[in-house]
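Me: I would like to go through this model with you, a few places at a time. Could we begin once it is on the screen?

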Amino acid sequence: MPLSHPPLDQLPIRRLTSDDLVACADLSENRGWLREEHKWGLLLTAGVGYGIDDPSGKGLVTACVVTSYGPGLAAIGMVLVAEQYARQGIGRRLMRHVLAEAGDTPLSLYATSNGQPLYEQLGFTSTGRAEMLKGRFVPTEPAPARTVRPATAEDLQHILRLDHEVFGADRTHLVTRLPAFADHLRVAEQDGEIIGFGALWPNMDTHVIGPLIARDPGTAQALVASLAAVTDRPLRTDVDTRHTTLVTWLKANGLDQIATNAIMIRSLPDVPGDWSRRFAPLTVAAG
């Protein structure tokens, strides 16, 4: 006789660890996403993963990751439900568990068009949109002249202070992982002051640019051009659509829009920090 399994609403939700990396990547692949094992590895070590094991013993029914930036903000990402369990309420159950675990901590996320209605029902509001761009960078339209160089160990404290100022939250546990996570980390400076930084990290067959922090659009362009020059892979990045100058420039240099996501927040009127200098996040893990 076939084994009987408990109902979906009784399957236990557990914390995920780095040992679950392959299962998380399998779940991504199950839903038609890239496996993104490099990104999963960062998120599972820098954040807290939640998931439900498939009662058949084969992988995960659902998963997500919460990255805390202290009591003032946390980010939810990689919200996935296996195809065979979709539209059965399991994603809603996982999200309600995450909300209960977070308590009073405000939460942010990037939502696909499919996920946005659920998040709205759970109290999230949309504060803007991010445009996902991908393509081979061809420097048709030059970037403005800026001083850009590889980051050194001595730059890290300056990068941390700038990141905290621009993101409005302490992301030390993420930013200090950048030198090992990224293939290249570069800073822009003026008169001896760091006015921006950007990272280039590998993800499947592309290189992703993020985070990208800059004093102005010209500095952001200079950082992108410097990072693009050191890879022969296609580039991918996610840019707040309010940064029209950067988006237009990226498209003029070979990148195309492949998706847009809603930027959503719960328990705050808007995402903290200074959006005018926040051009691209470290990762976008939309759900």
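Predicted model: local features only at pLDDT ≥ 70, side-chain atom pairs only at ≥ 80, totals over all residues.

Me: Helix 1 and helix 2, then: at what angle do they pack?
Reply: Helix 1 (residues 21-30) and helix 2 (residues 37-46) pack at about 130°, and their axes are 10 Å apart. Helices (H or I, at least four residues) and strands (E, at least two) are DSSP runs, numbered from the N terminus. Axes are lines fitted to C-alpha atoms, for helices over the stretch in contact, and angles run from 0 to 180 degrees between N-to-C directions.

Me: How is the orientation of helix 1 and helix 2 to each other classed?
Reply: Helix 1 and helix 2 are therefore oblique to each other. Angles under 35 degrees count as roughly parallel, over 145 as roughly antiparallel, 65 to 115 as roughly perpendicular and the rest as oblique.

Me: Which residues of helix 1 and helix 2 meet?
Reply: From helix 1, Leu 21, Cys 24, Ala 25 and Ser 28 meet Glu 37, Trp 40, Gly 41 and Leu 44 of helix 2; contact means heavy atoms within 4.5 Å. By class, this contact of helix 1 with helix 2 has 5 nonpolar, 2 polar and 1 charged residues. Ala, Val, Leu, Ile, Met, Phe, Trp, Tyr, Cys and Pro count as nonpolar, Asp, Glu, Lys and Arg as charged, and the others, Gly among them, as polar.

Me: What does Thr 67 touch?
Reply: Leaving out residues up to four places away in sequence, Thr 67 touches Leu 43, Ala 46, Gly 47, Ala 74, Ala 75, His 173 and Leu 174. Thr 67 belongs to strand 3 (residues 60-68) and counts as buried because its relative accessibility is 5%.

Me: Moving on, how far does helix 3 reach?
Reply: Helix 3 (residues 90-102) has 13 residues and reaches 19 Å from its first C-alpha to its last, close to the 18 Å expected at 1.5 Å a residue. The expected span is 1.5 Å times one less than the number of residues. Its buried residues are Ile 90, Gly 91, Leu 94, Met 95, Val 98, Leu 99 and Ala 102.

Me: What follows helix 3?
Reply: Gly 103 follows helix 3, with a positive phi near 65°. Gly 103 sits in the loop between helix 3 and strand 5 (107-111) and is partly exposed, at 40% relative accessibility.

Me: Which residues other than glycine have a positive phi?
Reply: Among them are Arg 87, with phi near 60°, and Ser 267, with phi near 80°. Most residues other than glycine have a negative phi, and most peptide bonds are trans. Arg 87 is exposed, with a relative accessible area of 71%, and Ser 267 also counts as exposed, at 51%.

Me: Where is there a cis peptide bond?
Reply: A cis peptide bond joins Gly 210 and Pro 211, with omega about 0°. Pro 211 is in strand 10 (residues 206-214).

Me: Is Asn 203 buried or exposed?
Reply: Asn 203 is buried, with a relative accessible area of 1%. This residue of strand 9 (residues 193-203) touches Glu 36, Val 208, Arg 233 and Arg 236, not counting residues up to four places away in sequence.

Me: Finally, how do the axes of helix 8 and helix 9 cross?
Reply: The axes of helix 8 (residues 217-228) and helix 9 (residues 244-252) come within 9 Å and cross at roughly 35°. The residues of their contact divide into 7 nonpolar, 2 polar and no charged.

Conventions: Residues numbered from 1 in each chain as written. Heavy atoms only, no water. Buried < 20%, exposed > 50% of the residue type's maximum accessible area, 1.4 Å probe, protein only.
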